[in-house]
Amino acid sequence: MATVVPPGSSSSLPSPRAGFRPFVDAAENRPELTARALLLGSFFGLLFGAVTVYVGLRAGLTVAASIPISVLSISVLRALGRASILENNIVQTTGNAGQSIAAGVIFTLPALIFLGFDLEYARIFFLALLGGWLGVLFMIPLRRQLIVEEHGTLTYPEGTACADVLLAGERGGSFASRVFLGLGLGAVYTLFQNENLLGLWPGTPNYEPDLGAQHVLRGAAVRCDATPEYLGVGYIIGPKVAGTIFAGSVFSWLVLMPAIYFFGSHLSAPLYPSVKLIKEMSPSELWSAYVRPMGAGGVAAAGLLTLLRTLPTIAGALGAGFRNLRRRAGVARVEASAARTDRDLPSWVVAGGSLLLVVCVFLFLWLKPVPGAQVSAFANLAASLLIVVFGFLFVTVSSRIVGLIGSSANPLSGMTIATLMATAAIFLVKGWTTPAFAALALTIGSTVCIAAANAGDTSQDLKTGYLIGATPWKQQLALMVGVCVSTVAIGATLNAMNRGLEEFRTADKTWSLSVPHQGVQEQGRFTRAHIKVLHEGGASDERAGTQYVLLNALGSHELADGKYLYDPATGKIAVQWIQGIGSEKAAAPQARLMATVINGILTRQLPWGLVLLGVFLVIAVELLGIRSLSFAVGAYLSIATTLAIFTGGVVRWMVDRAAAKHGGGEGNEEISSGSLYASGLIAAGGIIGLVGVVLKLYEAATGKTALPTVPHTFLYHDGVSVGMFALLAFSLWYFARKPLQSATVPDRDQT
């Protein structure tokens, strides 16, 4: 046994010139694509797909799932009987597909809501399935070039870290206890904290300053969504990124919003895009009306700058990809005789499957268009071809770029913006500018985004398999299974959050359906039988929903963007319907950005002053030498979200500083004690939070109480909420400093 190389270090990656051999030799045949591995991986795909949707919609960020899935797989399969390292790899490969598909979905498809359309489960499922499978199939021809031939050049950091976890598990190391600790404590905390469950103390402590006769800082707010998932996300992304995100929110909530109130409180008429006087607006209303358009402009500019910054890498990726494709003709003839560790799915399966998927996309768009967004067969055929062109382009880019800079830095938003801008520009030239074509453009962008997201994670998984000696075609088949299974949970979670977090608020605005209103569309009778309408002050009442006519406002100067319920009996808009996705609780910043790009190009009706403020804010931040995408996302998100994430970043800074003082560290940060505990917190917050959403939906549907109502006691105070969150943060600091009891990582055999 040679000297052990610290996991994740560059020297643990022998180059091909050193005669690399995987941990499991190509001549060995260990259990790999077993039924239990696929079943367990599918379960994790459902679980982490749902958690990614929940956390990503709320935080605007996603975190990799391969490490916690690997850790949990080692523990579970060990308990079920002796497990092969190749089986554990199939589990994480299958399960990780759920996280990558969910990321692509939540970044794009919720934009349908912002464009005035409904989220249909069948549409989410089918587009996620097609995009995910395209990502896998388009990446397969690139595997030999990227994973094998450039082994010493492209490190694929997440894939390498995952391989180290699997190798340590093969030697008897067990990290699962730290994940389970985070799961347990995070679940108990969420049960007591979540307002949809017991809600013993406030979930979001809040302070809105209004100092002195001059109303200093009126319009600002300091609040914190004190949840374990945000704490865990902040710890994993680290103090630098967490601090940059929080800085964006500080600018929006403590600088920009008070300035808007200061300069606008004397106005006697609403300032577009708001339809309410500024002096009467709460901080949340200021954020919704003015900060979100500015933040969307900032995120768009930052995404494009990120894409431009990576253009040399993109050009290199495309060149290498096309060169590799030219070599495939010769390789295809020897596929059958290749070693076990070098066998991909056959070329005819890849080519035939890709062609079949494109035909399926066309048929789906043609036979099941977005309700109210029917277009011609020619437009649907053009959309299918654009998906092929942009899909292969950005799958190639994503597969290579994650090998250089990791999945967390993959510029998905920039690639999707580029796709949408190019598509919308083509539509504009063709004169296709109706709302139906906005939905079609989003369909193209979402499918490409999902494919690129899954291709990046597919590359990481295949790198893991290459290092440990897995069979590529078995991993690729497991990825296809993982995509298919996880999409079931992703669509259901997306719709559950939209329904579970929605609110109906009372309104009173005189309206006439006989008079045309620019930017307001009548969408027929509202179909819900009963709705619960909230009044100012917290009171509520039950009403029959079918008495109302549904209106959708987009780019109107009379109504803020969103949906409203009109009462024909009174001639007034009686209810404002605030859907869950897009609210402060689930802001979905990337999806809002996609809707802004499409709407801005096709209709040219945007609050361009605010959008351009965001663009030039990003330019100023870049001139300071700060990567602007994190800052722009923070400027868009609620400070309640980013303050909780920043707290996790501060804990990480304290742990790293203490480790540095003692001359040690936790080794590979991907598999450190703190990151595993934080992963448990994220999973617990997501799972128990989703349980709360489901229970709320059950209560709304049946009128029955799912949980006993807990009366507010002395515990229901902002100070208690802050104290309990501080205790949870202390637990993260404490367990992050306790070293893992791990086994030695075995050598990867070299000749």
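Modeller: Happy to! A residue here counts as buried under 20% relative accessible area, as exposed over 50%, and as partly exposed in between. Please keep in mind that this is a predicted model.

Let's start with Pro 371, which sits in the loop between α12 (347-367) and α13 (377-405). Its relative accessibility is 46%, so Pro 371 is classed as partly exposed. Now look across to Ala 439: 68 residues separate it from Pro 371 in the sequence, yet their C-alpha atoms are 9.8 Å apart in space.

Lys 368 and Glu 120 meet through their side chains in a salt bridge, with 3.8 Å from N to O. Glu 120 belongs to the loop between α4 (111-114) and α5, while Lys 368 belongs to the loop between α12 and α13, so this pair ties together parts that are 248 residues apart in sequence. How covered are the two partners, Glu 120 being buried or exposed? Glu 120 has a relative accessible area of 18%, which makes it buried. Lys 368, with 33% relative accessibility, is partly exposed.

Of its 19 residues, 14 are buried, so α5 is largely enclosed by the rest of the structure.

Back to charges for a moment. Side chains of opposite charge can pair when their charged atoms come close. The cut-off for a salt bridge is a side-chain nitrogen of Lys or Arg within 4 Å of a carboxyl oxygen of Asp or Glu, and by this rule the count comes to 21. One of them joins the side chains of Glu 32 and Arg 340, at 3.9 Å from N to O. Because Glu 32 lies in the segment before α1 (35-59) and Arg 340 in the loop between α11 (311-332) and α12, the pair ties together parts that are 308 residues apart in sequence. Glu 32 is buried, at 3% relative accessible area, and Arg 340 is buried as well, at 8%.

A further pair is Glu 208 with Arg 223, whose closest N and O atoms are 3.1 Å apart. Here Glu 208 is in the loop between β1 and β2 and Arg 223 is in strand β2, so the parts they tie together are 15 residues apart in sequence. Glu 208 is partly exposed at 39%, whereas Arg 223 is buried at 7%. Elsewhere, salt bridges with shared partners link Arg 143, Arg 144, Asp 342 and Asp 344 into one network.

The loop between β1 (206-207) and β2 (222-223) also contains Val 216. With 39% relative accessibility, Val 216 is partly exposed.

For contrast, let's finish on a sheet. It is an open sheet of 7 strands in the order β4-β7-β8-β9-β3-β5-β6, with mixed pairing. Its edge strands, β4 (520-525) and β6 (540-544), each pair on one side only. On average, neighbouring strands of this sheet are turned by 35° against each other, direction ignored.

Within that order, β7 (residues 549-553) and β8 (residues 562-567) run antiparallel and pair over 5 bridges. Ala 553 stands opposite Gly 562 in β8, and Leu 550 faces Leu 565 there. Strand β8 is mostly covered, with 5 of its 6 residues buried. Strand β8 also pairs with β9 (residues 572-578), again antiparallel and over 5 bridges; Tyr 566, for example, has Ile 573 in β9 as its bridge partner. Between β8 and β9 there are 4 residues, which makes a hairpin, and Gly 571 in the turn has a positive phi of about 70°.

Key. Residues numbered from 1 in each chain as written. Predicted model: local features only at pLDDT ≥ 70, side-chain atom pairs only at ≥ 80, totals over all residues. Heavy atoms only, no water. Pairing = 2+ DSSP bridges. Helix = DSSP H or I, 4+ residues; strand = E, 2+ residues; numbered from the N terminus. Axes fitted to C-alpha atoms, helices over the stretch in contact; angles between N-to-C directions. Buried < 20%, exposed > 50% of the residue type's maximum accessible area, 1.4 Å probe, protein only.
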